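This report describes a predicted model.

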Amino acid sequence: MQNTHNNYSSGEFSLSHALPIGYCFNEFEIEEVISEGGFSIVYRAWDHRLKRTIAIKEYMPSILVVRRQDLKLNLRRASLKKRFQIGLHNFMHEAHLMTCFNHPCLPRFLRFWQQNSTAYIATPFYSGMTLKKLQTKRPKIINQNWIYNMLFPLLDAIDTLHQAGYLHCDISLDNILIQDDQLPILLDLGSARKATERLSDEKEVTISPGFTAVEQYTANEEGQQGPWTDIYSLGAVLHTLIVGTPPPVSIVRNIEDNYQPLSKLCPAGYSSSFLHVIDRTLKIKLSERPLSITELMTQIKASTIKTCRVPVLSYTRPNTFTAYVPPVSSNSE
């Protein structure tokens, strides 16, 4: 299928960041813009060859580039080239990483390609809404029982990354999708990195105030970041679901800690033992947090047994594997 969008004038710039509805990448036809963030745009598209709906993620850092009328991206100024290339490298890394895992709560990779002076990732289309949107539109369904049912599959997905030596590094309400069947999907592996990898100018650090652990602001030594770093972010997600707001920014807490423990706030409908576990995940001192997902799951299950109110979800870990990853290829523009 040929691209039928021909209404352009080379060198001029479009007011819209997104590609137009009806734009085609061979057999993939864009039908809707799902979300538009600072660094990427996600589209719902129709696969004419396999007759299925898919999602396409486009690397589109709007602070660095603009879209020309011929739909290619153009740097806002030449000095931004290095930052754009670093982000593009991270985007390619995300595509590479997605091929390494087969887990029902991690996005499945379909295809990667380069076009329009940028890059694209195709995945299955997951029908649902992010935790951020769900908290706004359906807040009444969020209670301790619902959190338990969502939490254990999500923990298993995070542990799958950790067991392979990776940290997600950007767990937040925006990056957890709750599907129509209530199974969570952990989105956006673009910030994921090896636990042993040191920070450098070649790797951009994603900061989500309230969700980012203190060591992500300052760590530049091996061993400072680990599973406990993602555990802090997950604790911030749970804190936000329960009381409606994230905890205070960790770098501020590191100077003066005004965090109000959930176990003292005693929000209605939540057991004190469960709230105490969440408080531990949000400790500023690394050694005071659960140090692994296995340890965290054990503590959560123990809190359930103590309260005898909420049944522990019986979750069977799926078969996961690390696959051989061929080099990412590029298509000509």
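Which residue in β12 does L177 stand opposite?

## Strand pairing

L177 has I185 of β12 opposite it. The pairing of strand β11, residues 176-179, with β12 is antiparallel and comprises three bridges.

## The three-stranded sheet

β11 and β12 belong to an open sheet of three strands, arranged in the order β9-β11-β12 with antiparallel pairing. Because β9 (128-130) and β12 (184-186) each have a single partner strand, they stand at the edges, and one side of each is left without a neighbour in the sheet. On average, neighbouring strands of this sheet are turned by 25 degrees against each other, direction ignored.

## Helix α3 on the sheet

Helix α3, spanning residues 144-163, packs on this sheet and touches both β11 and β12. The direction of helix α3 makes about 30 degrees with that of β12.

T160 is a residue of helix α3. Its relative accessibility is 4%, below the 20% cut-off, and T160 therefore counts as buried. A polar atom of the T160 side chain lies 2.9 Å from the backbone oxygen of D156.

## The chain as a whole

The chain contains nine helices and 13 strands. It has 333 residues, of which 48% count as buried. Among contacts between residues at least 6 apart in sequence, 61% join residues at least 24 apart. The chain exposes about 16000 Å², and carbon and sulfur atoms supply 51% of that area.

Terms used:
Residues numbered from 1 in each chain as written. Predicted model: local features only at pLDDT ≥ 70, side-chain atom pairs only at ≥ 80, totals over all residues. Heavy atoms only, no water. Pairing = 2+ DSSP bridges. Helix = DSSP H or I, 4+ residues; strand = E, 2+ residues; numbered from the N terminus. Axes fitted to C-alpha atoms, helices over the stretch in contact; angles between N-to-C directions. Contact = heavy atoms within 4.5 Å. Buried < 20%, exposed > 50% of the residue type's maximum accessible area, 1.4 Å probe, protein only. Polar contact = N/O pair within 3.5 Å; in protein donor to acceptor, adjacent residues only side chain to side chain. Areas by Shrake-Rupley, 256 points an atom, 1.4 Å probe, with all protein chains shown as cover.
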